[in-house]
Amino acid sequence: MMPNQLIDLNRQLELNKEKILTLWFEAAISSYPEDTARLLGKSKNRFDNPVGNITRQSLEDTFDNIIRMSLAENYKDYTNSKHSQTNKEHVGQNRVENSLDPVIRIRAVQNFSASQAVAFVFELKAIVKSVLGKLPDESFNYRVDLVALAAFNRFMKCRENIFLLKATEAKRRVHSAFERAGLVTELTEDELLGSSKS
Amino acid sequence: MSDELKPDALLDRIDYTPAAGSWMDSTVQIMPGMYCYAAKAESVETLGLPNARTWNPLEDDWKLPENWQEIIHNAIKERLEKFRTFKVFMDICVRCGACADKCHFFLGTGDPKNMPVLRAELLRSVYRNDFTKAAQILKMIPGGEKLSGGRPMTLDVLKEWWYYFFQCTECRRCSVFCPYGIDTAEITIMAREIFNLLGLNIDWIATPVSNCYKTGNHLGIQPHAFKDMLEFFAEDIEEITGVNVEPQFNKKGADILFITPSGDVFADPGTYTCQGYLILFKYLKDKYGLDVTWSTYASEGGNFGFFTSHETMKRLNSKMYAEARRLGVKWILGGECGHMWRVIHQYMDTMNGPADFLEEPVNPITGTKFENAKSTKMVHITEFTADLIKHGKLELDKSRNANRIMTFHDSCNTSRGMGLLEEPRYVIQNVCDNFFEMPPNTIREQTFCCGSGSGLNAGENIELRMAGGLPRANAVKYVHEKFGVNTLGTICAIDRAALSTLMEYWVPEVQVYGIHELVGNALILPGEKERETDLRLEPLPGMEDEDE
Ligand code: SF4
Ligand code: SF4
C-alpha cells in the first residue's frame, strides 16, 4: 500500500470509529449468554457495570493503537524473538498488548477457552469491511492478525498469573508467617502446591 | 452473531418470570476454577454431620443417601415453618430484576444464574412445585408444571443448587436494592444447611469448622503454637520499639478477654494487624492500667459454622462465651473480623444469649457505654479505638504512616451486617493523613464483596474469586490511578487474605492493611525508642536512607 493510501484508510477508520467500536463491542459481549450481554451493554456507570465498561474502553484503546500501527510491523516481530527484541516495533506490540490487557484479564478468569477469549479480535475484520466497504488491500486484516497474536500473548500471561497465585497463595499467606516465627522449617511439595486448606 | 444485538435490543428488559426461557431445563456443567473441593470425610465425621464419605463433585455419582429427595423435602418444610423470612422470601419476589446486576458474582462471571433473582429461583422453583397449591393443580394438566414456574427435585437440580449456592458469598448486596428487602443470602444459608444434611459441604468450610471444634481455631493450631506466635510478635515489636508488650494468656480476673480471627495470628498480612493490637493493649496497660487477656482456647473469633448450619454456628460461638465465663472477665473485645460480627450482632443473642454473666460493656478509660453491645457483651475493636481517640486518650504520630495513601474497603458483614461505617474511617483519618474514598456506589451499604467470603477463600476456585472480586478491584484501581492510592485498609481477616491476592491480579501496586496495623505504627508507646521501621520492618517515611 502506498503511504497516502494508508493515510486514507486510517482517516476512514478515524471517521467511522464510533460506529466500528459499537459493533465491535457488541460482537465482544455477544460471547456472553444473551441475558448477560444485554445487561453488559446497558449501564454506562463504570462501577455498576465493570465488565461492560472495561471491555468498551479496552477495545477503544486497542482500536486507537491499530490506527497508529505502521506498515513496518510484521509477523516476524512476533515469531522471531531475537528479531523482536531489537526491533523498534516491539514497542508497538507492547502498546497493543497493554491496551488489550483489561479486556483479556477479565476473560482469562471467566471460563473461556483461549480461542473463545480472543475470538472477538478477528470479528473486527468483518466489521470494518461492512462499515467501510471494500478495503484497498489486505493490510488492515494483517494488522488485526497482529492484534490477535498480542491477545494470545496476554491471555497466556494472565493464565500464568492465575496459576502462580493458585500455587503460592497458601504458602505466602500462612506459611511465611510461621516461617518468620521459626515454627516451620521445610515444606513438602504437596503443601506448597495444594489448595489453601491449611 | 454481531448483528443480532442492536443497541435497542440491549436496552430491552430481561424477562425474569420463572416460566420464561429455558434456564430451568439446562444441566449444570461444573467448571474447574469455579467450585471448591468436597469436604473430607474425616472432618464431616468429627462434627457428627451425616453422610461422611469421600466424593467428588465432578463425578456423576455423589454418593447420596438413598432417600435424599425426601430429606430435602422435609428440610425445606421444616425451615419454612421455623424461619418466617424464608417463607416470605419464597413467596413475595415479583421478579422485577432490580437485584439482577447487583451481585458481584454476576458482574464478574457474566453467568446469568449468578443474578440473585435466578439464584433464588433455583430453590424457589422446587418450593413452588412441592409446596404451593397452584403448582399442585397445574401439575395435573400437560405442560402445567412449566406454567407454575415449578420443577421437581432431580439430581441435576441438586447439582445446580450446589454449584450456584457455593457461588454466593452471602454478602447481602442484592438485598439493598430489592424493593421488598428479599435477602438472597438467607436463601443461600438455607440451601447450605440442606447440603449439610446430605454430606455436601465443601472442604474449605468443613475442615476449618472441624479444626475449630477440636482445637479452638480454624487452622487447628495447638495452644502452645498460638502462644509461641504471639510471643514471636512481641519480640519483633521489641526490636522495632524497644518495648516488650508482654501479652497475657488465659488470665483469670482480667478486665477484658480479647478474641480475634486466627488469621490475624497465623496469616500475613493479618499478623501485622495483630501486632497493632498488642501495641495498643500495652499502651492501655501502661497508661491506664487496663488488663486485657488473650485465650489460647477461644483462639478463633471467626465462625465458619455460620456457613454450615445454624446449629454448627451456635456450637462454635458458645466456646467464646464459655471461656469468658471461665476467666471471669467483664466483657469481650473482638478483633477486626467480618462474619464474626454478623454472627455476634444478628445471631448470638437468640442462639446463646443473653450473656448475663458478663457486664454491660463500658470503656473503663472513657466511660463510654457501648449500647449496641449491651446484650451480646462483645465490642468491636474499631469502635473501642475510635472511642479512645475521640476522647484524646491515644498519643499518635501520623507521620509514621505518611507513605500510606489509603482507601477503605467496607466488609459486607461489618457494613451491611452491623452498620459499622464511621468508626473505621475515623480511626484511619486519625492515624494517617492521606485518605480517599472509592466511588459511593461501591462503599458503605453498597460495598462490593471481596469475592471470597462465606468460606469461598479456597485455592481451587481462584478464577471464581478473581471474577467475583472484579467490581471491588475495579473501584480500587480507579482511586489508585486518580489519587495514587497504594493501600487498601480493611477490618476483616478474610479480606486481608483475599484482597491481597485480588490486588496482585488486578491492581498489583496496592497493598492490603488492617486498620490496627496503622494504629500500631502511629501509637507512641511510653518509653519507646526512636522507631526506624514500621511493623513490616520497612523503613519509616524519612528513614529510607539511614541504613545506607
Ligand atoms: S448475597 Fe451477595 S453473593 Fe449472594 S446473591 Fe446476593 S449479592 Fe450475590
Ligand atoms: S429485587 Fe427483589 S423482588 Fe425484584 S427480582 Fe430481585 S429478589 Fe425479586
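Helices, here runs of at least four residues, and strands, runs of at least two, are DSSP runs numbered from the N terminus. In this numbering A:Asn111 falls in the loop between helix H7 (90–107) and helix H8 (114–132) of chain A, and A:Asn111 has a positive phi of about 65 degrees although it is not a glycine. The model is predicted, and the values below are to be read with that in mind.

**Two domains of chain B**

Chain B is divided into domain 1, made of residues 7–30 + 50–200, and domain 2, made of residues 210–547. The centres of these two domains of chain B, taken over C-alpha atoms, are separated by 35 Å. Where they meet, 24 residues of domain 1 of chain B are in contact with 26 residues of domain 2 of chain B, and the area buried between the two domains is about 2,000 Å², with carbon and sulfur atoms giving 61% of it. On the side of domain 1, the residues that lose the most area to domain 2 are B:His104, B:Arg172 and B:Arg173, which together account for 26% of what that side buries.

What kinds of polar links are counted between the two domains of chain B? There are 8 residue pairs in polar contact, both residues of each pair being at pLDDT 80 or more, while the count of salt bridges between these domains is 0. The elements that give two or more residues to the side of domain 1 that touches domain 2 are helix H5 (104–109), helix H10 (173–177) and helix H11 (184–198) of chain B, and H11(B) contributes the largest share, 7 residues. By class, the residues of that side divide into 11 nonpolar, 6 polar and 7 charged.

**The interface of chain B and chain A**

The size of an interface is often given as the accessible area lost when the parts come together. Chain B and chain A bury about 5,100 Å² between them, with 60% of it on carbon and sulfur atoms, and 65 residues of chain B are in contact with 49 residues of chain A. Across this interface 3 salt bridges are found; one pair in a salt bridge is A:Lys166 with B:Glu463, whose side chains meet at 3.8 Å, N to O. The count of residue pairs in polar contact between chain B and chain A is 9, again with both residues at pLDDT 80 or more.

Several helices of chain B each supply at least two residues of the side that touches chain A, among them helix H1 (7–11), helix H12 (203–215), helix H13 (223–241) and helix H23 (493–506). Of these elements, H23(B) gives the most, with 6 residues. The side of chain B that touches chain A has 39 nonpolar, 12 polar and 14 charged residues.

**Surroundings of the two ligands**

Which residues lie around ligand 1? Among them are B:Cys103, B:His104, B:Cys168, B:Cys171, B:Arg172 and B:Cys174, and the elements that give two or more residues to this shell are helix H6 (116–131) and H11 of chain B. B:His104 and B:Arg172, both in this shell, are also among the residues of domain 1 that lose the most area to domain 2 of chain B. Ligand 2 is surrounded by residues including B:Cys93, B:Cys96, B:Cys99, B:Cys178, B:Pro179 and B:Tyr180. The classes of the two shells are set out below.

| Shell | Nonpolar | Polar | Charged |
|---|---|---|---|
| Ligand 2 | 10 residues | 1 residue | 1 residue |

**Salt bridges and backbone details**

Over all chains the count comes to 43 salt bridges. In one of chain B, the side chains of B:Lys40 and B:Asp203 meet at 3.5 Å, N to O. This pair links distant parts of the chain, 163 residues apart, with B:Lys40 in the loop between H1 and helix H2 (41–46) of chain B and B:Asp203 in helix H12 of chain B.

The peptide bond from B:Asp268 to B:Pro269 is cis, with omega near 0 degrees, and B:Pro269 lies in the loop between helix H14 (263–266) and H15 of chain B. The bond from B:Gly353 to B:Pro354 is also cis, with omega near -10 degrees, and B:Pro354 sits in the loop between helix H17 (339–351) and strand S4 (378–380) of chain B.

Note on methods. Residues numbered from 1 in each chain as written. Chains lettered and ligands numbered in written order. Predicted model: local features only at pLDDT ≥ 70, side-chain atom pairs only at ≥ 80, totals over all residues. Heavy atoms only, no water. Domains from an automatic or database assignment. Contact = heavy atoms within 4.5 Å. Buried area = accessible area lost by both parts, 1.4 Å probe. Salt bridge = Lys/Arg side-chain N within 4 Å of Asp/Glu carboxyl O. Polar contact = N/O pair within 3.5 Å; in protein donor to acceptor, adjacent residues only side chain to side chain. Nonpolar A, V, L, I, M, F, W, Y, C, P; charged D, E, K, R; others polar. Near = heavy atom within 4 Å.
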